[in-house]
Amino acid sequence: MSVTRFSPAGLQPHTPYHHVAVATGSRHIHVSGQIARLGDGTPVAPGDLAGQVAQVLRNTGRALAGADASFQDVVRLTFYVTDWTPDKIGPFMAGIESVVEELGLPWPLPPASLIGVDHLFEPDVLVELEATAVSQNG
């Protein structure tokens, strides 16, 4: 495996992600911000944060596969969520948990950030996800 994830002692415990990822490999893969759209542009889960989180993870998985990589190679996830408030953590996490097995997501997740933003590029987009991976494939 090209990525080792861990959380050193002294950092906040009980997070749904590891605090550190150490990667070795020859290919750096940067996945642009993925949103809840199908391949033809059709919106997925309008108004449903959990549904949109699940779809952005599915789209990110497709992008990684296109680069001959998987979530096992991911060293960083950055989520952007519109109008973030702490009470949205339940639906946000439900979206992730709904696709953990389907997508083979490592659990806890790779190091991740959740950044609240006023809005994204279209009004129905509630969440966008960027990923960075390092792979030995290719």
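Buried means under 20% relative accessible area, exposed means over 50%, and partly exposed is whatever falls in between, with a 1.4 Å probe and protein chains only.

**Ground rules.** I'm working on a predicted model, where local features need pLDDT of at least 70, side-chain atom pairs count only at pLDDT 80 or more, and totals for chains, interfaces and linings use all residues. Residues are numbered from 1 along each chain as its sequence is written, and side-chain values use heavy atoms, with hydrogens and water left out.

**Entry 1: salt bridges.** How many salt bridges does the structure hold? I looked them up and got 3, taking a salt bridge as a side-chain nitrogen of Lys or Arg within 4 Å of a carboxyl oxygen of Asp or Glu.

I started with Glu122 and Arg37, whose side chains meet at 2.6 Å, N to O. Glu122 sits in the loop between S5 and strand S6 (127–135), and Arg37 in the loop between strand S3 (27–34) and H1, so this pair ties together parts 85 residues apart in sequence. (Helices, H or I with at least four residues, and strands, E with at least two, are DSSP runs numbered from the N terminus.) I checked accessibility too: Glu122 is partly exposed at 34%, whereas Arg37 is buried at 13%.

Next I found Arg37 in a salt bridge with Asp124, at 2.8 Å, N to O. This pair also links distant parts of the chain, 87 residues apart. Asp124 comes out as partly exposed, with 24% relative accessibility.

The other bridge I noted joins Arg58 and Glu102, again by their side chains, at 2.8 Å, N to O. Here the link runs from helix H1 to helix H3, across 44 residues. Arg58 is partly exposed at 24%, and Glu102 is partly exposed at 49%. Going back over my list, I see that shared partners join Arg37, Glu122 and Asp124 into one network.

**Entry 2: H1 against H2.** Two packed helices are described by the angle between their axes and the distance between the axes. I read off about 40° for H1 and H2, with the axes 7 Å apart. (Axes are lines fitted to C-alpha atoms, for helices over the stretch in contact, and angles run from 0 to 180 degrees between N-to-C directions.) That makes H1 oblique to H2, since under 35 degrees is roughly parallel, over 145 roughly antiparallel, 65 to 115 roughly perpendicular and the rest oblique.

Which residues meet here? From H1 I wrote down Leu49, Ala50, Val53, Ala54 and Leu57, and from H2 Pro91, Phe92, Ala94, Gly95 and Ile96. Contact means heavy atoms within 4.5 Å.

**Entry 3: the buried side of H2.** In H2 (residues 89–97) I marked Phe92, Met93, Gly95 and Ile96 as buried. They cover an arc of only 155° around the axis, which puts them on the same side of H2; the arc is taken from the directions from the helix axis to the C-beta atoms. Their cover includes helix H1 (49–66), strand S4 (74–82), helix H3 (100–103) and strand S5 (112–117).

**Entry 4: Gln55.** Leaving aside neighbours within four places in sequence, Gln55 is in contact with Ala36, Arg37, Leu38, Val44 and Arg62.
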